[in-house]
Amino acid sequence: MPDTPIVRIDGLNKWYGPFHALKDVSLQVAAGERLVICGPSGSGKSTLIRCINALEPFLNGRLEVAGIRLDERPASISRVREHVGMVFQHFHLFPHMSVADNCALAPVHVLGLDRRTARERAMRQLAKLRIADKADRYPAQLSGGQQQRVAIARALCLEPKVMLFDEPTSALDPEMVGEVLDSMVTLAESGMTMLVVTHEMGFARQVADRVVFMDGGAIVESAVPEHFFAHARSERAQQFLSKIIH
Amino acid sequence: MSFDFDYLLTQWPALLDGLWMTLQVSALSILLSLLIGVLGAGIKLFRLPGLTQLVALYVELIRNTPILVQLFFIFYGLPAVGLKLSLYWSGVLCLSLWAGAYQIENLRGGLATVDKGLREAGAALSLSSRQFFRLIAIPIAFRVSLPAMLNTAISLLKNSAYLQTIGLAELTFVAVDRIATDFRAIEMFTAICVIYLALVAVLALLAGRLEAHLQRPFQQ
Ligand SMILES: Nc1ncnc2c1ncn2[C@@H]1O[C@H](COP(=O)(O)OP(=O)(O)OP(=O)(O)O)[C@@H](O)[C@H]1O
Ligand SMILES: [Mg+2]
């Protein structure tokens, strides 16, 4: 491999009590690569990407993001988190803050930017997500699709090197899925490294460099989309695909 | 004997002095009790070792003993161990500690409504838990807890009347003091009742304004 991977996971194991949630997972993601992670419910997709920004502690294995080795030290955790943006299924915007303040918060309090610079940065990201006109609204006044686009803008305001998405469209009304997926396609075209947990196979076909299929806490398959959709090797993946694509 | 308004007019300057003292002591104690509330609720939320138990003990102690006993403990008891506070600061300390215990519990109720997802969103943005507490959890909890916190503040204001027992010249003290010489009980107690009612009304009005302000982001 010419470049060192931007995310490097080696032999990751995680338990919830006695339950072995991640089984010896290894994964390397090159800078600019777009990964779609799919698999049945409970297969460990969320757990895996939540380990990458230390929302979940892992038990053993090795995890490196942008050259930073993730360990228990708060310093290593916060450095990794500055490089990793995350978008959640349920948006989790801060409800008492305007859209612009949601976006400017981390630049001010984490990066130490002054308020004006942070606000400018927020407005730039909101404009890219085509939602700058809502900058002074509050989350409760926006539709789900708009909230999710704000959440993407908020994460981008730290100028991360990697973006994680955990089922970003699953909580949306069907008519709003498109606007969020479009934003994600645009982001992918800008060269962002993305790890996306989603069941939107159209999105996977359109932008993914690789589809990773998980089952029972392990990565079962990893292939380019055309290959994965046409000739999934494992029986579990074939079953999964037949359920999800009709 | 009839209700003598002219008498009240002659006592108005003394009552105003008492009112001013009540206002000062209560306003300062309300602010300090809120500070105690934020600190105590924070300690309990983060389960800081040692301090958590201390806060729990403090809350139980305050809630399960009479405020009058707490006041006497501070004013008559503490000097025996070398801590002698002025009338004024004994009063402020008593009211702040008393209301602080309730504000801790009020805020805890509000903090419990803060979605775990928001905490994760904050963490994902690299905010520290302290930053999350200050910038997100507390503002959200304040809105939820405001009605309960207002009740505590109103009780504090009313309980400031206990301070007359140690001789602090607040509103009730002035009234009782005058009655002892002039025997105009009905006039005096009517007057201070009206004043207390007005103070509570003002406090409720201010809280209402604050609530409307905090509520704004949550309206569609
Ligand atoms: N906090 C927890 N405590 C105990 N078990 C957990 C916890 N979080 C997740 N699990 C378990 O770990 C397994 C993997 O969960 P995970 O959320 O990663 O699955 P997923 O692939 O994201 O599923 P879904 O598609 O439903 O979101 C599941 O069996 C789940 O029950
Ligand atoms: Mg999940």
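Predicted model: local features only at pLDDT ≥ 70, side-chain atom pairs only at ≥ 80, totals over all residues.
## Ground rules

Local features need pLDDT of at least 70 and side-chain atom pairs count only at pLDDT 80 or more, while totals for chains, interfaces and linings use all residues. Side-chain values use heavy atoms, without hydrogens and water, residues are numbered from 1 along each chain as its sequence is written, and chains are lettered from A and ligands numbered from 1 in the order in which they are written.

## Nonpolar cores

Let's begin inside. In soluble globular proteins, nonpolar side chains tend to be buried together. A nonpolar core here is a set of buried Ala, Val, Leu, Ile, Met, Phe, Trp, Tyr and Cys residues joined through side-chain atoms within 4.5 Å; buried means under 20% relative accessible area, exposed over 50%, and partly exposed in between (1.4 Å probe, protein chains only).

The largest such core has 107 residues, and A:L12, A:L48, A:L195 and B:I136 have the most contacts inside it. Its largest share, 16 residues, comes from helix 6 (residues 129-159) of chain B; helices (H or I, at least four residues) and strands (E, at least two) are DSSP runs numbered from the N terminus. A second, separate core has 52 residues, among them A:V108, A:A118, A:V207 and A:F240.

## Where the chains meet

Chain A gives 25 residues to the contact and chain B gives 22. Together they bury about 2,000 Å², 66% of it on carbon and sulfur atoms; this is the accessible area (1.4 Å probe) that two parts lose on being put together, summed over both. In chain A, the residues losing the most area to chain B are A:F94, A:H96 and A:H109, together 25% of what that side buries.

The rule finds 1 salt bridge across this interface, meaning a side-chain nitrogen of Lys or Arg within 4 Å of a carboxyl oxygen of Asp or Glu. A:R50 pairs with B:E120, their closest N and O atoms being 2.7 Å apart. On the chain A side, helix 2 (74-83), strand 6 (84-87), helix 3 (99-109) and helix 5 (144-156) each give two or more residues.

## An enclosed helix

Helix 3 of chain A is largely enclosed by the rest of the structure, because 9 of its 11 residues are buried. Among them are A:V99, A:N102, A:C103 and A:L105. The buried residues of this helix pack against helix 4 (115-128) and helix 5 of chain A, together with helix 6 of chain B.

## Salt bridges

Over all chains, the structure holds 20 salt bridges. One joins A:E56 and A:K14 (3.7 Å, N to O). A:E56 lies in the loop between helix 1 (45-52) and strand 4 (60-65) of chain A and A:K14 in strand 1 (residues 7-16), so the pair ties together parts 42 residues apart in sequence. A:E56 is buried at 13% relative accessibility, and A:K14 is buried at 5%.

Another links A:R149 and A:E179, with the closest N and O atoms 2.9 Å apart. A:R149 sits in helix 5 of chain A and A:E179 in helix 6 (residues 174-189) of chain A, so this pair ties together parts 30 residues apart in sequence. A:R149 is buried, with a relative accessible area of 9%, whereas A:E179 is partly exposed at 23%. Finally, salt bridges that share partners join A:K14, A:R50, A:E56, B:K116 and B:E120 into one network.

Conventions:
Contact = heavy atoms within 4.5 Å.
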